Amino acid sequence: MLGGNTDFILRAGTLKRSVDDVSRLGKFLTSGQGIAFAAKQNLLSLSNVRTVNTGANQGIYLPTSTLAQVGVTGVGGHLLKQGINPFRNTQNNTENTDPNFIQKFINKVGDKTELPVYSSALSNIKNPDTNRLVNLKGEKIGRSSSKPLNEIVGNGVTVGNILDGFIGSSVSLGIESNLDSIIQTGKSTNFISSDPTKLISYDGGPGSVLGVGRTIINRATYSNEGLDFSKKPEFIKYNIASYSSTQLASSISSEMDPVIKEDFRKNLTNKPNSVISDSLSYINKNIEERVSLGNPGQKGNRKNYVKGKLDAQNKEIIADKINALQIYQSTGVIQNNSKNDLCDFRISIIDPNEAEANNTFSQTFLHFRAFIDSFDDSMTSDWSGEKYMGRGENFYRYNGFDRTINMSFTAAAQSKGEMMPMYNKLNYLQSVMTPNYTANGYYFGNLIKLHVGAYLYDVPGVLTNLTYTIPQSAPWEIAIGTEEERAQNKGDIQVLPHIINVSLSFKPIHNFAPKLQSNTFEGANAAKRVSSFGKERFISLSRGNNSGYDSVGGIDPNSGEAIIKKEVDVNI
């Protein structure tokens, strides 16, 4: 202050006002209400989630931090509200640059009382020895010992019982030569509980009441080998469907080798009373091999564009065998695995001019990958209304029904060898919409069979609409080879889009008289249950050699219990 002027350095009397604010606030904070305010701040901190690197959840609150903040507000200062040191540096982690043991200890204690700062915990997060997720895996899943963590110490004593809430929890008791070693051991546990049935345990937090009590995060399942299963007796009767801690710890990562060489379930299904599925093998029945789904990104020789990508034997690499499967004619679908898909999808065109014995007609088969975009099955009934004298409402007479199946799918070439076969099939499918001719020159329409999984199993009918759409996002083949090949006009590729969206409308011709399904029912109870289904199967539910209608199954309407299914053949 110069000559009574408080604006010597700061304008509008800022310095004097800051001193006055500190004085007034200091009187409040030393009063009963102020002491209660400080206590509430600490309770709120204790009720917060405890992160790594802290022992007081969100840090200790001291009234001096508020007073210091008021004092520096006029000059634009921003201090920490929580912690014993409001001037703490929150930008740099000086853990590895502490000059001596005493300074390191002071900073370490500060870490346990200050507001948790990400930069301060960053080294712990990056370090595999102190990362919480890594610690949880090591302590709760992959322990080399089969004993629970709280049994390793012996005599029921753990360092976690002593230091929990200050440095960490569940610290295994070792021979520590100095305070720094104990601190490092505590830091690595991240409040991991010593109880094998729990994961995290710490004082305060959301599980406490106003900071009093503990927050505990339990395990979903208690599955370590060699543990006390008295609280979970079901694990004694059955082998759980997961690896044990010993198996997990000894497993070797195969991220550098994407080929699956071992079916892990063998280690589980061989145990007595195993409850894990023993279905298809991951090794020789995986999706790529089972449904001829290749890899468009497979490595190969791409030197000659016209020949396409070649493998080590100089054979052309074709990603999708179903897409590349050419048109063929037969009285029945081929049986080799090249047609296998997750959902069998094919269209066959009946040729009445090629009748075989027993009225079996030859068919031309078109197989497409089941990239089905939409599918709807619409049935409409025709009812005509009649009015009678003296009655205001309509009376309806049934005149029949109609059924239309609309679907759309995507035809996409993922390798060079698929382009021409795919377009050969698309062109033939378009020709189905045009007439066919008899030997005498009379034309007639074409009958087809549509097969979509078990929903439609080779259902005969007619196509009433067929639309091809080239999406704007579809890449086009530009058909440019080498200079020599262009000069000689070589190559079997054309300028065509790789992707075409196909939509069609199909009118089924049922191989049964369409009517209300003629089911049979059995039982003397009030609610007789169905025992067999009639032939009116608008939804096929068939694989050809067996029917989903034959097994019945479901829930008994009288007892509410499951009906024992009849045994049926399964064709995989």
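Reader: Where does Asn 337 sit in this thing?

Author: Asn 337 is in the loop between strand 3 and strand 4. Keep in mind that this is a predicted model.

Reader: Ok, and is Asn 337 buried or exposed?

Author: Asn 337 counts as exposed, because its relative accessibility is 52% and the cut-off for exposed is over 50%.

Reader: How far is Asn 337 from Glu 289 in space?

Author: Going C-alpha to C-alpha, Asn 337 and Glu 289 are 9.1 Å apart, while in sequence they are 48 residues apart.

Reader: You mentioned strand 3. Which sense does strand 3 pair with strand 5 in?

Author: The antiparallel sense, over three bridges. Within that pairing, Ser 330 has Gln 363 of strand 5 as its bridge partner.

Reader: And how many residues of strand 5 are buried?

Author: Six of the seven, so strand 5 (residues 361–367) is largely enclosed by the rest of the structure.

Reader: Let's zoom out. How many helices and strands does the protein chain have?

Author: The protein chain has 16 helices and 14 strands. It runs to 572 residues, and 33% of them count as buried.

Reader: New topic: which residues touch the most other members in the largest nonpolar core?

Author: Leu 426, Leu 450, Leu 504 and Phe 506, out of the 28 residues in that core. Several elements each supply at least two residues of this core, including strand 4 (345–355), strand 7 (395–412), strand 10 (448–452) and strand 12 (499–508).

Reader: Which element gives the most?

Author: Helix 15, which gives five residues to this core. As general background, nonpolar side chains tend to be buried together in soluble globular proteins.

Reader: What does Phe 506 touch, if you skip residues up to four places away in sequence?

Author: Among the residues Phe 506 touches are Arg 403, Thr 404, Ile 405, Ile 448 and Leu 450. Phe 506 also touches residues such as Val 459, Pro 460 and Leu 463.

Reader: How accessible are Arg 214 and Asp 203?

Author: Arg 214 is partly exposed, with a relative accessible area of 32%. Asp 203 counts as partly exposed too, at 29% relative accessibility.

Reader: What does the side chain of Asp 341 meet in a salt bridge?

Author: The side chain of Arg 369, at 2.9 Å from N to O. Asp 341 is in the loop between strand 3 and strand 4 and Arg 369 is in the loop between strand 5 and strand 6, so the pair ties together parts that are 28 residues apart in sequence.

Reader: Are those two buried or exposed?

Author: Asp 341 counts as buried at 12% relative accessibility, and Arg 369 counts as buried at 5%.

Reader: And what about Asp 458, which side chain does it meet?

Author: Asp 458 meets Arg 346 in a salt bridge of 3.4 Å, N to O. Asp 458 lies in strand 11 and Arg 346 in strand 4, 112 residues apart. Asp 458 is partly exposed, with a relative accessible area of 22%, whereas Arg 346 is buried, with 5%.

Reader: Which residues do salt bridges that share partners join into one network?

Author: Asp 320, Asp 341 and Arg 369.

Reader: Last one: where's Thr 469?

Author: Thr 469 lies in strand 11 (residues 456–469) and is partly exposed, with a relative accessible area of 40%. Apart from neighbours within four places in sequence, Thr 469 is in contact with Ile 500 and Asn 501. The C-alpha atoms of Thr 469 and Ser 503 are separated by 8.2 Å, and these residues are 34 apart along the chain.

Definitions and conventions:
Residues numbered from 1 in each chain as written. Predicted model: local features only at pLDDT ≥ 70, side-chain atom pairs only at ≥ 80, totals over all residues. Heavy atoms only, no water. Helix = DSSP H or I, 4+ residues; strand = E, 2+ residues; numbered from the N terminus. Buried < 20%, exposed > 50% of the residue type's maximum accessible area, 1.4 Å probe, protein only. Contact = heavy atoms within 4.5 Å. Pairing = 2+ DSSP bridges. Core = buried A, V, L, I, M, F, W, Y, C linked by side-chain atoms within 4.5 Å. Salt bridge = Lys/Arg side-chain N within 4 Å of Asp/Glu carboxyl O.
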